[in-house]
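Subject: Structure handover

Hello,

The structure we talked about is below. My notes on it follow.

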Amino acid sequence: MSGSSSLLSWILWMPMIGVLGVLLIPKAKENAIRFWALINTAMTMILSAVLYMKFDNTIPGMQSALEIKKSWISQFNIHYHLAVDGISLPMILLTSLLLFICILASWTVKKQIKGYFALLLFLQSTVYGVFMAMDFFLFYVYWEVMLIPMFFLIGIWGGENREYAAVKFFLYTFFGSILMLVGMVALYFVTGQGEDSFNILAMSGGKFKDLTVDLFGYALPFAKVFFIALFIGFAIKVPVFPFHTWLPHAHVQAPTAISVILAGVLLKMGTYGFLRIAYPIFPSASVYFSDAIAWLGLINVIYGAFCAMAQTDVKKLVAYSSVSHMGFVMLGLAAMTVQGMNGAVLQMFNHGTSTAMMFLLIGILYERSHHRWIVRPDGTKGFGGLYTQLPVFSIVFIIAMFASMGLPGLSGFISEALIFLGIYERFTTITVIAVLGLLLGAAYLLWMFKRMFFGEVIEENKSYTDMNAREVFYMVPLCVAVILFGIWPSPLLDMMKASVGKLVSLLAMY
Amino acid sequence: MNYTVSSIAPIVLLPFFAFVINAFLARKGGKATVAAVFLACAAIAGSSIYAIRIFNDFVFGNYSADYNIHKIFTWFDLNGGGQTFTVNMGVYIDNMTAVMLLMVTVVATMIHIFSTWYMHHDMNYGRNGRFFVYMSLFTSAMLGLVLSDNLFSLFIFWELMGFCSYSLIGHYYEKEKTGDANVKAFMTTRIGDVFFLLGIVAIWNQIGSVAYVDIYRAIAEGIFTNVDNNVMGVSLAAFSGVCIFLGTIGKSAQFPLNVWLPDAMNGPTPCSALIHAATMVAAGVYLSLRIYPILEAGHLTYFVAVIGGITALGAATIALVQTDFKAVLAFSTISQLGYMVLGVGVGSYNAAFMHLITHAIFKACLFLAAGSVIHGIHLQEMPRMGGLKNKMKFTWIAMWCCTLAIAGVPFFSGFVSKDRILGDALVMATYNAKWWIPTILGFAGAFLTAFYMCRMMFLAFHGTPRDQEAYDHCHEEKLSWNRNIPLLFLSVFTLGVWFAGSLTGQGFVKLGSKDGKYEWFKTLIQKPKVEKFVDYQRQPWGSTDIKSTQTFPTAKYDNTYGLSEEAAHHVHVVHYWGAGLSVIIAFSGIFLAFLMYIKGSVNPGWWVNSFNKYYRTLQNGYFMDHLYIKGFIQKGLLPFNNLLARFDMGVYDRYGVDGWAGVTKYIMGVAKWFDNLFVDQIMVDGTGASVKVFNVILRTIQSGKIQFYIIIIVLVLLGYVLAL
């Protein structure tokens, strides 16, 4: 079963080597720590590139050549089981790219650098773990452990209200995890605690369709009950309305790099959970609940957009826009058609790049302004005339903004168009309402842009300097990704289409 | 001529590469900017050469109503895991495309050349060539749109043009006002665009493609009108037709989404000429011509005609009272676009398209001329102009040519196209009385058009200077090639003979005969006959062309519309009436303007004072801006957003989510009280002997070891599940 290549293990543990290195470097040598972290993420990125090259696009499902399966806790049949398919590979590549950029974006962090970079690399490893684990227990462990670095990164390096945000983030996600745990344990027992009782791949395929479970004296369908448990667990991460309120807090308080990882990667873990666990294991229940998922996705799209329009804090505005854009992913997932699902996975990647750009740019601006008010609470302008003051910054901002609102030619458009194509047939009414999300998306972003960038330069903005070489350097790969995948999406789609198609075919049977 | 990648693709790619290179080059300033500007002009001139070759092949070579080239390639596909889905792109060139390509490239070239003169002093070619960077992208997108073989790629280029328009309106970004104007332009058109996308999605889902030829075939097969395919209670044709036509309403500034175009004049004048007059807004009409069979199948033509009629008349009335030079032209653009849409509605397919072309040429010329006036006198208010003909003779003549064309004076291009639209409207009205509404709107608008255009000319160029100081400071017109050649070139093509004549080899230009037998435009541009597409064969990209075997001339314009002799005679008679009526109307409009502003026998001031209320309504454009911005957005949308955001954070998050913390605390309090009262006081203290026992147990449990707690939690959960 286990393949010959240990590449996945290398990618998974490379950041942990980085953590060890950071811990060994003396505290005073700050630059050494930074460069070590940078080199480490660069190494991981190279390994990911190797993974991409070894990846065979034509195979639907797991790539057996790259699979690793070793016994971990043999008493409970828990395995150290890593594998990769077309759904997780884009996420792994995205993580590698974003973490490299995040290290560069964190160059100006002043406080306790050693701890910061160690936690950041630790976080990277756990994210890989989530995207690679094919053993439910291993998945769960990584899912939970990821909270620890995240908690400290927000709670120590965050803004004024960081402790509240960190605790809220932790508790909220933990609540979801408990439900996931219940689902996991239930699956463990229902599959007879055997060899494959934690094996996500082995449990896939709708084996639990006709089972029932006795709960509070009622015989309930097993698949539906535990689909709901898993759904809530993942939905909190996405976040799906009504579990979305931790997100604005966490984003606003988190430091720039953490916002980038949060929006760029961690939110996708939720939708990845659907694609990897909830859908394949409970296909019948997924189809049964797809109406509800679609409506929730629609609420996300519209509600998130409306809330975003009212924000006066630019970071909060972008945070709500993430709620809205992740709603499109949920819509695509609910569609369960080939266009919709591919669109959803593509949107996961594209939102990762475009929203990362937005958060990075806001971080760059924040380093100069030390505030994020579009309009201050007293009604005065926080920014004005930035276009005149920061020409290069403005151009990059325009690219990020238009990519985020789905302008054709930039990456967001193709995924959104595919999602609409996918959902139309089953959910015509929802499609008609959801296109308004595109309209609102353009409205809040352009309105924000107008208030911040047009007009005369206001007095306090006159001291701002344009992007420096380091900042330009780390924005370039994202700009290229956003434009390239807008014109030529095939590299991404070719990667995912076989695996996604397989999942769609599975769902189509129910 | 053989159509290969290298004979089609450069049309789009040359300006696109110019954009990519200039995006980096132009900013450097100095010589680099000059090189960038040169590159932009050379690129568009280069693509016009390719466009001329195609035009030459279609009009002078093959000369058939049915001739087309259609090549496709796969953009991306989602085939895998047992699923299939392919997205094809391609180029579709028929006569309409060939004419559009020529018009867009040539007009764009002229405007590029003019811009080198106009933008030269505007901070080094439009702030270091920024202007030219976006102009290149814009032209490339417009040409891509014209070449598209399907609605999806048309939509992509359509949106890209929206983006370029956004950037060019915002050219003077240090002004607060431009920020408002470009957001307004983008958002208003976006309203139409999202519905356009919805229409595309609806069609794609039903027939598996959105290529024009597939749509036409599906219409011929009755898929669009089949009740099984109804969407939300209406036929697919009606649903998708309305959705896509909303795209036209947005892009072509039709009522009720007409509000953005006047504000778009905040951009530099040459970009107004190219984007907001000649090409981008015309793309909306082009789209509605391409989807004409859908509109027809969905019984939407009357709706389209009424929208066009309202726009044509409404914008004309607003233009009557404008005092800003460019504002008059902006509203006249809206009004003329209204005529094109009216033409689409009344089924006057080739006249609507001809009006698109003729309007593009004379409106580009008008804007360029207006630009040179503004450049000379440094103001835009007509009440402060007057007598300018003495200082700028050349501009004056060019502008009169265009004014006569737009007013619909015989022998000028506007007459040829507009008269046919109105004539066809009249024919429809004689068949069915409800068509009188758009017809009368159209004729009334024609009268006003002649009036306000001449008013503008008289106010600006004739009479005596009203602001002597501004007049004295106005530059004498100097002849410079990059200003005069575009003006001269475009004015020459305001003559009607280019469009009403023959270009087919019987002589370069020959007047059409009475029954229109030789008119190349009528012969080549005809309504797509959907039946023709049932057995249509596509050509893969890179294959040799499947050529029409018939030779020149393979198709003649069916002057009888396929009607019986009697009916055709009726149409003919009505057309004559229509032509006579529009000539009378045009001249009476001009005459009224003459009486008011030259002769002075009718005093405009009296009219303004007597109808002040109406005057102010017109000046404010029927308060539509007020309604949308102050009413809908400021009173409706923003308070609603604030309410929702406050609910989200202030109510839902605070009580619905954080409230759980309070509940938990309360439960903890109860537990503590229970613990104190029963466990501690009654049991523990009550039984001295039990103290030690409990101490031991509690000490073990409350070890502070986190692993132990987790084990407990897991055990409890396991036990729970096991109990199930």
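What distance separates the centres of domain 1 of chain B and domain 2 of chain B, taken over C-alpha atoms? The separation is 26 Å. The bounds, domain 1 at 185-299 and domain 2 at 307-495 + 560-613, come from an automatic or database domain assignment.

This is a predicted model, in which local features need pLDDT of at least 70, side-chain atom pairs count only at pLDDT 80 or more, and totals for chains, interfaces and linings use all residues. Residues are numbered from 1 along each chain as its sequence is written, while chains are lettered from A and ligands numbered from 1 in the order in which they are written.

Confidence: the predictor gives the complex an ipTM of 0.93 and a pTM of 0.90. Mean pLDDT (the predictor's confidence in each residue, from 0 to 100) is 90 for chain A, where 99% of the residues score at least 70. For chain B the mean is 84, and 88% of the residues score at least 70. Residues 548-557 of chain B stay under 50.

Domains of chain B: 24 residues from domain 1 and 29 residues from domain 2 make the contact (two residues are in contact if their C-beta atoms, placed from the backbone, lie within 7 Å). On the domain 1 side, H10(B) supplies the largest share, 7 residues. Helices (H or I, at least four residues) and strands (E, at least two) are DSSP runs, numbered from the N terminus. That side has 16 nonpolar, 8 polar and no charged residues; Ala, Val, Leu, Ile, Met, Phe, Trp, Tyr, Cys and Pro count as nonpolar, Asp, Glu, Lys and Arg as charged, and the others, Gly among them, as polar.

Chain interface: 55 residues of chain A are in contact with 47 residues of chain B. H18(A) gives the most to the chain A side, with 12 residues. By class, the chain A side divides into 35 nonpolar, 14 polar and 6 charged residues.

Core: the largest nonpolar core has 449 residues (a set of buried Ala, Val, Leu, Ile, Met, Phe, Trp, Tyr and Cys residues joined through C-beta atoms within 7 Å; buried means 20 or more other C-beta atoms within 10 Å of the residue's own, with C-beta atoms placed from the backbone). Helix H15 (residues 349-377) of chain B provides its largest share, 18 residues. This core lies between domain 1 and domain 2 of chain B, because both give residues to it. Ala364(B) is one of the residues with the most contacts inside the core. Beyond four places in sequence, the contacts of Ala364(B) include Val107(B), Ala273(B) and Leu490(B).

Regards

Terms used: Buried ≥ 20, exposed ≤ 12 C-beta atoms within 10 Å, placed from the backbone.
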